Amino acid sequence: MPFLKRRQLIVDSKVQGAILFRTVAYWAFCLAMVFVVLLWWEILTGPRRSFFEYMTYVWHEFDRVFIAGLIVIPFVAIDCLRMTNRLAGPVFRLRLAMRELALGKTDEPLRFREGDFWQQCAADFNALRDRVRCDSREDNASKAEEVESPA
């Protein structure tokens, strides 16, 4: 069964949202730290002026760097969602497969998309699924023998 590209970028909004928030927060923190370092550098090495003048000078001198950093954030966010999809997608599919196994509805082996993480989990789940199905067949066969043979 060939796997198509993902149609859904967000499969577990709680997990992916937390990772995305943390990534964007780190990115913003890095931009703020660059500004602070440049400000302090200017205060230590530049001519004597008021703090507001230092801030204005640093902003006007390096505004393109900060704007470029802000422009990059959406690309970082999209890449973060794609990466977390490779984590959250398999776990989401594993949860569905476990639900189906509990209901006795698992006919197909679990497969993750190429490039997904947790590939070994799919193999382990499939081994467990086969074992449960085998045990279930043995139980059904022994129950059938009990019904057929008079006690």
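Is Cys134 buried, partly exposed or exposed, and what is its relative accessible area? Cys134 is partly exposed, at a relative accessible area of 31%. This value, like the others in these legends, comes from a predicted model.

**Figure 1. Overall fold of the protein chain.** The protein chain contains three helices and zero strands, in the sequence pattern α-α-α. It has 151 residues, and 20% of them count as buried. Of the contacts between residues at least 6 apart in sequence, 61% join residues at least 24 apart. The chain exposes about 11,500 Å², with 64% of that area supplied by carbon and sulfur atoms.

**Figure 2. Cysteines Cys30 and Cys134.** Cys30 is partly exposed, with a relative accessible area of 47%. Cys134 is also partly exposed, and its value is 31%. A disulfide is a covalent bond between the sulfur atoms of two cysteines. Searching the whole structure gives zero disulfides.

**Figure 3. Nonpolar surface patch around Val36.** Phe29, Met33, Val36, Val37, Trp40 and Leu44 make a nonpolar surface patch of about 620 Å². Val36 is placed in helix 1, which covers residues 13-45. The relative accessible area of Val36 is 33%, so this residue is partly exposed. In soluble globular proteins, nonpolar side chains tend to be buried together.

**Figure 4. The largest nonpolar core.** Seven residues form this core: Leu94, Ala97, Leu101, Leu110, Phe112, Ala122 and Phe125. At least two of its residues come from helix 2, and at least two from helix 3. The largest contribution is that of helix 2, with three residues. Leaving aside residues up to four places away in sequence, Leu101 touches Thr106, Phe125, Arg129 and Val132. Another core lies apart from this one; it has six residues, including Leu31, Phe35, Val58 and Phe66.

**Figure 5. Trp118 in the loop between helix 2 and helix 3.** Trp118 is found in the loop that joins helix 2 (51-103) to helix 3 (119-148). Its phi is near 70 degrees, a positive value in a residue other than glycine. Most residues other than glycine have a negative phi. With a relative accessible area of 44%, Trp118 is partly exposed, because partly exposed covers values between the buried limit of 20% and the exposed limit of 50%.

Note on methods:
Residues numbered from 1 in each chain as written. Predicted model: local features only at pLDDT ≥ 70, side-chain atom pairs only at ≥ 80, totals over all residues. Heavy atoms only, no water. Disulfide = S-S within 2.5 Å. Buried < 20%, exposed > 50% of the residue type's maximum accessible area, 1.4 Å probe, protein only. Helix = DSSP H or I, 4+ residues; strand = E, 2+ residues; numbered from the N terminus. Contact = heavy atoms within 4.5 Å. Areas by Shrake-Rupley, 256 points an atom, 1.4 Å probe, with all protein chains shown as cover. Patch = residues over 30% accessible without salt bridge, like charges linked within 9 Å, V, L, I, M, F, W, Y side chains within 5 Å. Salt bridge = Lys/Arg side-chain N within 4 Å of Asp/Glu carboxyl O. Core = buried A, V, L, I, M, F, W, Y, C linked by side-chain atoms within 4.5 Å.
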